[in-house]
Amino acid sequence: MNGLFKVSSSPHVRNRLTTNQIMLLVIIALLPTTIFGIVNQGPRALALIVVTIISCVLSEWGFNKITHRKNTIGDFSAVLTGLLLALNFPHTLPFFEAIIGGFFAIVVVKMLFGGLGQNFMNPALGARCFLILAFAGDMTKFTYDGVTGATPLALIKAGEYTGDTLSLFLGTHGGVIGETSILCLLIGAIFLVITGVIDLRIPGTYLITFVIFIILFGGHLTTGDLGTFILQELCAGGIIMGAFFMATDYVTSPITPKGKIVFGVILGCLTGIFRMFGSSAEGVSFAIIFSNMLVPLIERWTIPNAFGVIKEKKEAKSNG
């Protein structure tokens, strides 16, 4: 026999796109919100993005060098992690904290667990949550047009928001670099759907579940129009970026069709709980990383039967 066969356990997932191409497509999809964030928040936002990306790339290169592993920075996953992480920063974050965040995302969350494909949670979100716990003051300090204050999402939860929904949709307000413009995020999301990088099962189920949760349990936070409140909750904060760019991560989300739907429902419920009843106005990052840890169980419960195989219960009934 001259041929060599590679044997591995199921499931077997095929995609016409290579890892490099997928990473580059997601980076391209993030360019509209990245450019808007830089224009909206100034040159320091650009500097912070560059520093974070360099930190992630150097962390991965250095880890591979020290552990004598193959250099993997050519797959652009470290670049994407750095970009996603930076877009979740306020533009005033100290550079050394961004460097620490990049190191934590790559080395602690990704490489120590085996590298790309082995991490159990999204590296960028894992690092963001770590920085929120370690440097809460800097990670929740937002300055816009020279004025430091609460984000629109925090004001909405407190019933003190006086702006309009259109400004939230366009992004002309304070917040982290890449989450403010819903318009730019949706342009990127449409690009990902058209190119086949993501499908709508997870983000669609996530957002629908979140809206239903608000309708059922969020009325206590508004004395005005519930519809306007829902739109403002969707346009403020990181739920759109989380739904389309974080929750759809191939490595940390389910691969089964039913699993994607279950995953989206859990995300929507957790985000609703954190936002409606938690002490913080946000909750997307923690909802996603908690759900990431449930993925093995979700896939175990939702994996379809192999062709020609029936469930034991049905077989037992037929024998009885």
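**Helix packing and burial in a predicted model**

At 12% relative accessibility, Thr 209 counts as buried, because the limit for burial is under 20%. Thr 209 sits in helix 10, which spans residues 201–217. Beyond residues up to four places away in sequence, Thr 209 touches Gly 264, Val 265, Gly 268 and Cys 269.

The structure is a predicted model. Mean pLDDT for the protein chain is 88, and 90% of the residues reach 70 or more. Residues 1–12 have pLDDT below 50. Beyond near neighbours in sequence, that stretch has one contact in the model. Where pLDDT is low, the predicted coordinates should not be read in detail.

The secondary structure of the protein chain consists of 16 helices and two strands. Of the 320 residues in the protein chain, 48% are buried. Contacts between residues at least 6 apart in sequence were also examined by separation. Of these, 76% join residues at least 24 apart.

Helix packing is described next, pair by pair. Two packed helices are described by the angle between their axes and the distance between the axes. Helix 2 covers residues 43–66 and helix 4 covers residues 95–110. The two pack at an angle of about 35°, with axes 8 Å apart. Their crossing is right-handed. Helix 2 contributes Arg 44, Ala 47, Leu 48, Val 51, Thr 52, Ser 55, Cys 56, Ser 59, Glu 60 and Phe 63 to the contact. Helix 4 contributes Phe 95, Ala 98, Ile 99, Gly 102, Phe 103, Ile 106, Val 107 and Lys 110. By class, the contact of helix 2 with helix 4 has eleven nonpolar, four polar and three charged residues.

Glu 60 lies in helix 2 and, at 1% relative accessibility, counts as buried. Apart from neighbours within four places in sequence, Glu 60 is in contact with Thr 72, Ile 73, Asp 75, Ser 77, Ala 78, Ile 106, Lys 110 and Met 111. Among the contact residues of helix 4 with helix 2 are Ile 106 and Lys 110. Leu 58 is also found in helix 2. The C-alpha atoms of Leu 58 and Ile 106 are 9.4 Å apart, across 48 residues of sequence.

Helix 3 (residues 77–87) packs with helix 5 (residues 123–134) at an angle of about 40°. Their axes are 8 Å apart. Helix 3 and helix 5 are therefore oblique to each other. Helix 3 passes helix 5 in a right-handed crossing. On the side of helix 3, the contact is made by Thr 81, Leu 84 and Leu 85. On the side of helix 5, Pro 123, Ala 124, Ala 127 and Arg 128 take part. The residues of this contact divide into five nonpolar, one polar and one charged.

Helix 12 (residues 239–246) is mostly covered. Eight of its eight residues are buried. These are Ile 239, Ile 240, Met 241, Gly 242, Ala 243, Phe 244, Phe 245 and Met 246. Helix 9 (residues 182–194) packs with helix 12 at an angle of about 15°, with axes 10 Å apart. That angle makes helix 9 roughly parallel to helix 12. The crossing of helix 9 with helix 12 is left-handed. Ile 182, Leu 185, Leu 186, Gly 188, Ala 189 and Leu 192 form the helix 9 side of the contact. Helix 12 supplies Ile 240, Met 241, Phe 244 and Phe 245. By class, the contact of helix 9 with helix 12 has nine nonpolar, one polar and no charged residues. An α-helix has 3.6 residues a turn, so residues three or four places apart point the same way.

Ala 236 lies in the loop between helix 11 (226–235) and helix 12. At 1% relative accessibility, Ala 236 counts as buried. Leaving aside neighbours within four places in sequence, Ala 236 contacts Leu 153, Ile 156, Leu 168 and Arg 275. Thr 151 is 85 residues from Ala 236 along the chain, yet the C-alpha atoms of the two are separated by 8.4 Å.

How values were computed
Residues are numbered from 1 along each chain as its sequence is written. This is a predicted model: local features need pLDDT of at least 70, side-chain atom pairs count only at pLDDT 80 or more; totals for chains, interfaces and linings use all residues. Side-chain values use heavy atoms; hydrogens and water are left out. Axes are lines fitted to C-alpha atoms, for helices over the stretch in contact, and angles run from 0 to 180 degrees between N-to-C directions. Helices (H or I, at least four residues) and strands (E, at least two) are DSSP runs, numbered from the N terminus. Angles under 35 degrees count as roughly parallel, over 145 as roughly antiparallel, 65 to 115 as roughly perpendicular and the rest as oblique. A crossing is left-handed if the near helix is turned anticlockwise from the far one by less than a right angle, and right-handed if clockwise. Contact means heavy atoms within 4.5 Å. Ala, Val, Leu, Ile, Met, Phe, Trp, Tyr, Cys and Pro count as nonpolar, Asp, Glu, Lys and Arg as charged, and the others, Gly among them, as polar. pLDDT is the predictor's confidence in each residue, from 0 to 100. Buried means under 20% relative accessible area, exposed over 50%, partly exposed in between (1.4 Å probe, protein chains only).
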